[in-house]
Amino acid sequence: MKIATYNVNGINARLPVLLRWLEATTPDVVCLQELKAPQEKFPAQAIADVGYHGIWHGQKSWNGVAILTRNLEIEEVRRALPGDEEDEQSRYLEAIVNNIHIGCLYLPNGNPAPGPKFDYKLRWFERLNAHAATLLALDKPVVLTGDFNVIPTELDAYKPERWVEDALFRPESRSAFQALVGQGWTDALRKLYPDQTIYTFWDYFRNAYERNAGLRIDHFLLSPQLDGRLIAAGVDHAVRGWEKTSDHAPVWIQLAEE
DNA sequence: ATGACACCTAGGAGGTGA
């Protein structure tokens, strides 16, 4: 089973690229982030026409997450991260597909740091880590994936020294991510490629993609029940070179059947 | 060190992203 994650940066602006990528790579499950569309503006029909259906939690202008599947049943578990009833931002969606719990997340960017946005990021991270611990306690196959907005290590950034003051790379963000993985999760791409440069995001500015000036900020975390089922993983980086493309590229994993 | 590019909502220009 192939699961993919893709920060589309506006699902309606990205629709031709998304459909082309879906038809070319046919993942079984797709997690999307940054829909930038209200619930009723999700292009469900166009997506159905290429064989996908699913659930989404939209929001006007910003954020928004979706989980799509192809020929599989999808059972929604929750459409918000627990721990703050006041949090209005659509950044988390969780479903069960093929007996796998899938958490699709869009962690806050947090810039400028320090400041209220960075505080929100760290609070959101605390809630994520608390919820992740409850997911591990299920003793079931769980995938946590999406745009974490965290550069885990120096290996994950082109010119890491440029990012030391940035919310994506500040010690608080890195240690929160480290604490999360330390609960017992497997960073799928790092497991398969421990020393390799892997990027999932390239700035629109200054020909960052052409220069391969990227970041690894979109991740797949696997519960111990899935660790042994990881067969392959990768980044569809060529999509980043298409016309009218997102600044992120899709990331995917392949899992063995039970 | 700065600003570059693209998205959104609007119906111009500003907020947000990473």
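Which backbone nitrogen lies 3.1 Å from a polar atom of the side chain of Asn-7? In this predicted model, the backbone nitrogen in question is that of Asn-9. Asn-7 is also one of the positions where UniProt, in an unreviewed entry, places the feature "binding site".

**Annotated binding site**

- According to the unreviewed UniProt entry, the feature "binding site" falls at Asn-7, Glu-34, Asp-147, Asn-149, Asp-247 and His-248.
- These positions span 242 residues in sequence, but no two of their C-alpha atoms are more than 12.9 Å apart, so they gather at one spot.
- From this set, Glu-34, Asp-147, Asn-149, Asp-247 and His-248 belong to the lining of the largest pocket.

**Asn-7**

- Asn-7 is part of strand β1, which covers residues 2-7.
- Its relative accessibility is 0%, so Asn-7 counts as buried, the cut-off being under 20%.
- Apart from neighbours within four places in sequence, Asn-7 is in contact with Gln-33, Glu-34, Tyr-106, Asp-147, Asp-218, Ser-246 and His-248.
- Among these contacts of Asn-7, Glu-34, Asp-147 and His-248 are themselves annotated by UniProt as "binding site".

**Asn-149**

- Asn-149 sits in the loop between β8 (142-147) and α4 (171-182).
- With a relative accessible area of 5%, Asn-149 is buried.
- The side chain of Asn-149 comes to 2.7 Å from the backbone oxygen of Leu-107.
- Leu-107 is also among the residues in contact with Asn-149 when neighbours within four places in sequence are left aside.

**Aromatic pairs**

- The structure contains four aromatic pairs.
- One of them joins Phe-148 and Phe-177 in an edge-to-face arrangement, with 5.7 Å from centre to centre and 85° between the planes.
- This pair links distant parts of the chain, since Phe-148 lies in the loop between β8 and α4 and Phe-177 lies in helix α4, 29 residues apart.
- Phe-148 and Phe-177 are both buried.
- The loop between β8 and α4 thus holds Phe-148 of this pair as well as the annotated Asn-149.

**Charges over rings**

- Arg-20 is placed over the face of Trp-242, 3.5 Å from the ring centre.
- The charged end of Arg-170 lies over the ring of Phe-118, at 5.4 Å from its centre.

Definitions and conventions. Residues are numbered from 1 along each chain as its sequence is written. Chains are lettered from A and ligands numbered from 1 in the order in which they are written. This is a predicted model: local features need pLDDT of at least 70, side-chain atom pairs count only at pLDDT 80 or more; totals for chains, interfaces and linings use all residues. Side-chain values use heavy atoms; hydrogens and water are left out. UniProt positions are given in the numbering used here, feature names are shortened, and annotations may be inferred rather than shown by experiment. On a 1 Å grid over the protein atoms alone, a cavity is a set of points where a 1.4 Å probe fits but cannot get out, and a pocket is an open set with protein on both sides within 12 Å along at least five of seven lines; lining residues have an atom within 4 Å of a point. Helices (H or I, at least four residues) and strands (E, at least two) are DSSP runs, numbered from the N terminus. Buried means under 20% relative accessible area, exposed over 50%, partly exposed in between (1.4 Å probe, protein chains only). Contact means heavy atoms within 4.5 Å. A polar contact is a pair of N or O atoms within 3.5 Å; within protein, one must be able to donate a hydrogen and the other to accept it, and residues adjacent in sequence count only if both atoms are side-chain atoms. Rings of Phe, Tyr and Trp (its six-membered ring) pair if their centres lie within 6.5 Å; planes under 30 degrees apart count as stacked, over 60 as edge-to-face and the rest as tilted. A charge sits over a ring if NZ of Lys or CZ of Arg is within 6 Å of the ring centre and within 35 degrees of the ring normal.
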